[in-house]
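This briefing walks through one protein chain and the molecule modelled with it. Please keep the sequence and the 3D view open while reading.

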Amino acid sequence: MPEIKLENLCKSYGNIEVLHGIDLEMQDAEFTVLVGPSGCGKSTTLRMIAGLETVTKGEIFIDGRPVSKLEPKERDLAMVFQDYALYPHMNVAKNMSFALRLEKRPKKEIQRKVQEVADILGLTDFLHRKPAELSGGQRQRVAMGRALTRDSSTFLFDEPLSNLDAKLRTQMRAELAMMRQRVHKNMIYVTHDQIEAMTLADRIVVMHGGVIQQQGTPEELFKFPKNKFVAGFLGTPPMNFLEATIEESNQQLYLKGQGFMLRCDERATACLRREELLKVLVGIRPCDLIYQPDAPSDSAIDIDVVVSEYIGAQSVLIGDCAGQDVMVELKSDTPIALGERLRFSIDFQAVHLFNMSNDLAIA
Ligand SMILES: Nc1ncnc2c1ncn2[C@@H]1O[C@H](COP(=O)(O)OP(=O)(O)O)[C@@H](O)[C@H]1O
Ligand SMILES: [Mg+2]
């Protein structure tokens, strides 16, 4: 399977540059997810790889070969779009074999290929149905099947689940994850949904404003976000950000913000001394705040309960810490009442620090 490499890839529409030098390498048989808010340039990047958009500057390499001047069909890629546009008058088998029939492949081969892919996608019992007789999820699988029968080395997906309702999305996400175990091909998958990205990707590439912010495994990005954008984009509910000044007392550093004063651990102390900053942005994930009424005040924050959203085994509490909103993920059996003040302890190892002048993580 080919390696795909993007080198300083730029795209302009008229005078407006929307992609500003994308450098990216995708290894053999890797599932890469491009994720970022709407308009950040994900589809444009994917469409340039597919050959559906011209390249303004830079180059795309497939197995070391520059391809930006090649026609889409010369690139050995298959793409699944958001609106999966199946042919309504053809049954599932015919839809899936469309490209193969165009290429006039032998009947036996077409039949075998359709059977094989239908097996993988659980469509064997539906081969004779028309799209109108299928559920949304099944149609989505047919669209995917149409790409898989083509035997391309690389599959490109542009938000393939975004037309589905929430429950189906979750189900299809799990199916995709399973399909992925059986199909060892390069996959490049675009989504604005960070949960989809986290669950499916071998490697996540976070984009924002036409620039790659960070790439790595889901775990790397979640644990070690390089900047405030990545930290706030991955994870639900999102990370809390609180401003603090750095204070020193008896050789010990503290982060002093409105309504809290946290004692720094050794690692943070070393970083902060090196950086010589006066202020920092403190990032704390809602799951890292632990309800603990007797926690010492220099490793805890006090929060007044504003809203509690019950969502089953967990609830999300929106609270107020001296005028700042703070979200907390709670076990549902935690006793809380509106207006109450609660104490949450923080293990300092879970605290993220950001330089307020450039939003970069301090590490
Ligand atoms: N054909 C086009 N003409 C002009 N601008 C475009 C065109 N296609 C996309 N853009 C702009 O390029 C940027 C990136 O778009 P896109 O790649 O579709 O974002 P995403 O897929 O991440 O939502 C957006 O600002 C969008 O408005
Ligand atoms: Mg898009």
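The centres of domain 1 and domain 2, taken over C-alpha atoms, are separated by 39 Å. Domain 1 covers 4-233 and domain 2 covers 240-354, with bounds that come from an automatic or database domain assignment. This is a predicted model, in which local features need pLDDT of at least 70 and side-chain atom pairs count only at pLDDT 80 or more, while totals for chains, interfaces and linings use all residues. Residues are numbered from 1 along each chain as its sequence is written, and chains are lettered from A and ligands numbered from 1 in the order in which they are written.

**Ligand shell**
- Ligand 1 is surrounded by Y13, V18, G36, S38, G39, C40, G41, K42, S43 and T44, where a residue is near if its C-beta atom, placed from the backbone, lies within 6 Å.
- Helix 1 (residues 42-50) gives the largest share of this shell, three residues; helices are DSSP runs (H or I, at least four residues) and strands likewise (E, at least two), numbered from the N terminus.

**Helix pair**
- Helix 5 (residues 136-148) and helix 6 (residues 166-182) pack at an angle of about 40° with axes 10 Å apart, the axes being lines fitted to C-alpha atoms over the stretch in contact and angles running from 0 to 180 degrees between N-to-C directions.
- G136, G137 and Q140 of helix 5 meet L168, Q171 and M172 of helix 6, contact requiring C-beta atoms, placed from the backbone, within 7 Å.

- Five strands form an open sheet in the order 15-19-16-17-18 with antiparallel pairing, and strands pair if DSSP finds at least two bridges between them.
- Strand 15 (289-291) and strand 18 (324-331) each have a single partner strand, so one side of each is left without a neighbour in the sheet.

Notes
Two residues are in contact if their C-beta atoms, placed from the backbone, lie within 7 Å.
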